[in-house]
Amino acid sequence: MPILSSTAVGALVRALRRTGPAGAPRRRTLAVIAAVVMLVTLGGVAPALAAVPGKAAPAQQLTLGSDVDHVTVDPVPCAVQGFQLRFGNAGSSAVYADAFIDAPAPLTVSRSLVSSYLPSGYTLKVQIAVGAPRSTPPGTYTITVHAGDQQLSLPVQVEPAPVNDTGNLVRYMPVSASSENLPNYPACGAVDGDRDSTHWGTTTGWNDATKGTFPDWLQVSFDQPVPVGRVDLYTLDSAKYPAAGYGLSAWDVELQVGGSWQTVAQVRGNTAGEVSSTFAAQTATALRVVTLGSNEGVTYSRVVELEAYTS
Amino acid sequence: MTPDAFPRPAARLARRRFLTVTGAATALAFGVGVAQAHSAGAATPLPGDPFTLGVASGDPLPDAVVIWTRLAPQPYEPLGGMPYNAVPVQWQVATDEWFRHVVRSGSATAQPEYSYSVHVDVRGLQPGRHYWYRFKIDGHLSPVGRTKTAPAPGQKVDRLSFAVASCQSWPDGYYTAHAHLAAEDVDAVLFVGDYIYEYGISAAGGLRNTTDPVPDQFRTEADTLDRYRLQYALYKSDPDLRAAHQNAPWIGTWDDHEVQDNYAGLYSRNLDPIEDFTVRRASAYRAYWEHMPLRTPAPQGPDYLLYRRFTFGRLAEVNVLDTRQYRSDQADGDLWKPDNPGRNDPARTFAGAQQQRWLLDGMGRSQSTWNLLANQVVMSRMDLDASGTATYNMDAWDGYTAEQGRLLDGLAGLRARNPVVVTGDVHAAYAMDMKRDFADPDSQTIGVELVGTSISSGGNGVDVSVNGQNFLDHNPHLKLVNERRGYIVVDLTPAELHASYRAVPYIDRTGAPISTIRKFAVEAGNPGLNPA
């Protein structure tokens with residue numbers, strides 16, 4: 001590693017002072033210090049000084065790509081869809097670089113900016129989730145990614161919203177929770193149509209993230225008010241993790257009716273994997289399960305599936 | 001500070017390390033090629049107050065301190081809501097909080113490449129005194145921060161006070177402990193790691209159960225530079241954390257979560273390809289630097305020299321360690337394990353030979369009464385007697401016994417330097433006598449280890465958990481376990497150290513009172529914990 005002589009550094013500092021912001025020489029700016037260090041790192045091969053306003057930067061040779069040539073999007077909450085952004089550096093020097101991701105409304109992307117250190121020859125791979133609300137008109141949209149002078153256009157095909165013929169009122173409805181043990185136990189897993197406890201830990205069920213604290217809650221908000229008269233809760237119950245050892249022991253079922261929450265069912269002392277709570281149907285805007293205890297002790301809330309029906 | 005090392009050993013060491021490590025890796029281009037496209041300070045009005053993340057100061061020297069801010073008018077938006085070009089920021093340092101006597105001032109440049117952070121190394125200050133600082137841009141004035149320089153080299157100092165804090169998982173609860181820490185009158189806050197946690201955060205914000213949902217962009221784990229920056233912005237949205245920074249200089253180091261849970265060197269938790277993890281580490285290190293009151297240069301690539309030393313006259317020296325960057329992978333698959341060959345493999349590194357030598361040589365040359373080690377993970381032996389078998393934390397010094405043994409041997413030789421290890425990581429307050437032989441409670445005590453509990457990680461906590469009691473039962477050198485949230489205040493005089501363990505009873509809502517749950521005293525020249 002060649003080490004730049006202090007004389008050369010001094011010369012650079014003096015040069016930078018002339019071009020730097022006005023001020024006493026003692027008051028070194030970030031730009032000056034950092035630029036000096038970079039020069040040292042390069043062993044005396046002076047690069048252009050991007051950090052100093054007015055100086056030309058070396059052109060970055062960034063690359064943009066994706067793993068698919070188009071993205072198909074179902075306009076429902078919790079849909080897992082998107083693309084892998086491939087953000088590369090074809091230049092001979094490492095850089096820190098930014099890629100901006102623009103999605104036309106009402107599409108949403110999980111990240112609208114990806115910034116990273118990119119060594120020479122390296123390609124960063126980042127998963128970008130793409131979403132669309134239920135009301136999104138089906139058709140073709142375009143997501144645009146740009147980084148430096150590079151641009152990538154990615155077609156997005158928005159499908160018609162799926163038809164829910166299951167009678168289960170929570171399917172395709174937005175879900176939220178007091179906390180989520182991410183990435184493997186999202187709230188979405190509790191309304192994905194998968195009741196199978198052997199799939200536990202693979203995003204098909206909800207586990208909160210506040211160990212040792214109850215209550216927790218899991219909530220579904222309906223697109224429009226619907227009559228709800230029955231709530232089925234499937235807590236964790238497999239050969240490895242039986243409900244009597246790991247499942248929920250107690251919870252309240254609440255409906256949001258006319259803007260206020262009402263408790264419509266209470267479950268206590270449960271050791272079963274599946275509990276159906278029935279009650280006089282009410283027209284609700286949201287459904288919430290407030291968890292109060294686990295058969296494991298004061299640990300976690302675990303819900304494999306939550307379903308709601310009119311009767 | 002030792003006279004021969006004056007005036008700036010940390011800076012000189014930083015330069016040397018940078019050459020040997022980073023320089024060998026690759027040559028770096030500095031800019032992202034945007035700053036030159038616009039003249040600095042282009043007249044685009046900012047979309048709001050840019051000082052949402054507060055101000056901070058740190059790394060105090062006798063004549064200097066770093067003052068920090070980051071411009072982020074919309075902290076959760078791309079680029080923090082800033083235009084994509086460099087902008088000038090004015091700064092002032094005064095001897096009074098009304099800025100009647102401004103002693104230093106200037107202009108710094110906030111650049112997109114560094115997320116518009118500003119790190120000014122303010123030089124030419126007087127030793128051992130308070131200063132006030134602030135920033136200004138486009139008519140926006142920052143909050144006023146208070147800071148303090150270190151005492152002069154060789155100066156006799158009657159009293160110093162340090163706070164020890166760590167582990168502040170944002171979704172685990174409110175930073176009430178920081179609100180109380182902000183009201184302490186300390187010379188510096190030693191923050192020993194896990195400033196952020198990399199995990200995705202749910203809309204409800206965990207135990208905070210926030211009224212406004214946490215934005216969607218926080219659901220994924222932090223793994224790229226933009227995402228780490230978001231995480232810091234969210235953490236610094238807490239007014240109590242900002243207050244703690246605003247009141248005193250911080251001297252920080254990182255542990256694992258600033259990058260990824262239990263990473264080791266270039267080994268990720270799941271042993272991702274090293275090529276990929278190197279990039280992630282580089283982005284995480286850069287984001288850490290951007291958000292801490294650290295001196296330039298910023299990290300350029302996957303390596304950054306963070307271990308460094310601060311001297312507070314003749315009374316104290318603080319050796320800041322980095323036991324993440326240079327360590328070998330955890331033995332036997334990590335976690336708590338009985339004794340195993342990997343744990344004792346002499347070829348495995350922890351702090352690394354270079355850092356060990358720097359530490360012990362420096363402590364040997366120290367002319368200060370108390371020599372603190374700002375350390376991440378527990379250094380003393382800690383046996384979780386699981387099923388009657390001695391069981392050790394593979395992620396702590398116990399998981400790397402060769403280096404642990406060398407360091408403890410070294411500290412034993414420096415017993416007269418009054419070693420005081422301050423530690424984080426475990427979300428529990430511990431107080432320990434460091435023994436010459438931990439298996440023999442009657443062996444000589446060579447120093448003390450004071451483990452601060454977490455600021456928030458772990459939620460409300462308990463006084464003593466089952467595991468905590470287990471530790472007490474099997475580690476006779478362990479004199480305190482408490483698993484509430486809080487921090488330690490370490491008061492130093494030439495004759496005595498007083499450690500006050502402070503804690504709050506809950507953090508799932510704001511407003512908890514603070515209390516001192518235990519105090520210990522250590523006599524200078526006679527290592528060991530005494531009741532106080």
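**Figure 1. Contact between domain 1 and domain 2 of chain B.** In this predicted model, 32 residues of domain 1 of chain B are in contact with 32 residues of domain 2 of chain B. The domain assignment places domain 1 of chain B at residues 43-147 and domain 2 of chain B at residues 158-531, and the C-alpha centres of these two domains lie 28 Å apart. About 2,600 Å² of area is buried between domain 1 of chain B and domain 2 of chain B, with carbon and sulfur atoms giving 51% of that area. On the side of domain 1 of chain B, the residues that lose the most area to domain 2 of chain B are Asp59(B), Tyr76(B) and Arg146(B), which together account for 28% of what that side buries.

Figure 2. Arg308(B) forms a salt bridge with Asp59(B), in which the closest N and O atoms are 2.9 Å apart. The side of domain 1 of chain B that touches domain 2 of chain B receives at least two residues from each of strand S1 (55-61), strand S2 (64-70), strand S5 (117-122), strand S6 (130-137) and strand S8 (145-148) of chain B. The largest share of that side, seven residues, is supplied by S1(B). By residue class, the side of domain 1 of chain B that touches domain 2 of chain B consists of 16 nonpolar, 10 polar and six charged residues.

**Figure 3. The annotated spans of chain B.** An unreviewed UniProt entry gives the annotation "domain: Phospholipase D N-terminal" to residues 53-149 of chain B; this span is 0% helix and 53% strand, and its end C-alpha atoms lie 23 Å apart. The feature "domain: PhoD-like phosphatase metallophosphatase", likewise from an unreviewed UniProt entry, is placed at residues 162-501 of chain B. Over residues 162-501 of chain B the content is 23% helix and 22% strand, with the end C-alpha atoms 12 Å apart.

**Figure 4. A salt bridge between a helix and a loop of chain B.** Arg280(B) and Glu221(B) form a salt bridge, with their closest N and O atoms 3.0 Å apart. Because Arg280(B) lies in helix H5 (residues 274-291) of chain B and Glu221(B) lies in the loop between strand S10 (188-191) and helix H3 (225-235) of chain B, the pair ties together parts that are 59 residues apart in sequence. Over all chains, the count of salt bridges comes to 29.

Figure 5. Ala495(B) is found in the loop between strand S21 (478-492) and strand S22 (496-504) of chain B. Leaving aside neighbours within four places in sequence, Ala495(B) is in contact with Trp370(B), Val522(B), Glu523(B) and Ala524(B). Ala495(B) and Thr369(B) are 126 residues apart in sequence, while their C-alpha atoms are 8.7 Å apart in space. Elsewhere in chain B, Phe99(B) occupies the loop between strand S3 (87-94) and strand S4 (102-110), and phi of Phe99(B) is near 60°, a positive value in a residue other than glycine. Most residues other than glycine have a negative phi.

Figure 6. Chain A is assigned domain 1 (1-57), domain 2 (62-158) and domain 3 (175-309), and the C-alpha centres of domain 2 of chain A and domain 3 of chain A lie 34 Å apart. An unreviewed UniProt entry places the feature "domain: F5/8 type C" at residues 158-311 of chain A, a span that is 3% helix and 47% strand, with end C-alpha atoms 33 Å apart. Most peptide bonds are trans. The bond joining Ala105(A) and Pro106(A), however, is cis, with omega of about 5°, and Pro106(A) lies in the loop between strand S4 (95-102) and strand S5 (108-109) of chain A. The peptide bond from Leu182(A) to Pro183(A) is also cis, with omega near 5°, and Pro183(A) is found in the loop between strand S10 (175-177) and strand S11 (206-207) of chain A.

Methods: Residues are numbered from 1 along each chain as its sequence is written. Chains are lettered from A and ligands numbered from 1 in the order in which they are written. This is a predicted model: local features need pLDDT of at least 70, side-chain atom pairs count only at pLDDT 80 or more; totals for chains, interfaces and linings use all residues. Side-chain values use heavy atoms; hydrogens and water are left out. Domain bounds come from an automatic or database domain assignment. UniProt positions are given in the numbering used here, feature names are shortened, and annotations may be inferred rather than shown by experiment. Helices (H or I, at least four residues) and strands (E, at least two) are DSSP runs, numbered from the N terminus. Contact means heavy atoms within 4.5 Å. Buried area is the accessible area (1.4 Å probe) that two parts lose on being put together, summed over both. A salt bridge is a side-chain nitrogen of Lys or Arg within 4 Å of a carboxyl oxygen of Asp or Glu. Ala, Val, Leu, Ile, Met, Phe, Trp, Tyr, Cys and Pro count as nonpolar, Asp, Glu, Lys and Arg as charged, and the others, Gly among them, as polar.
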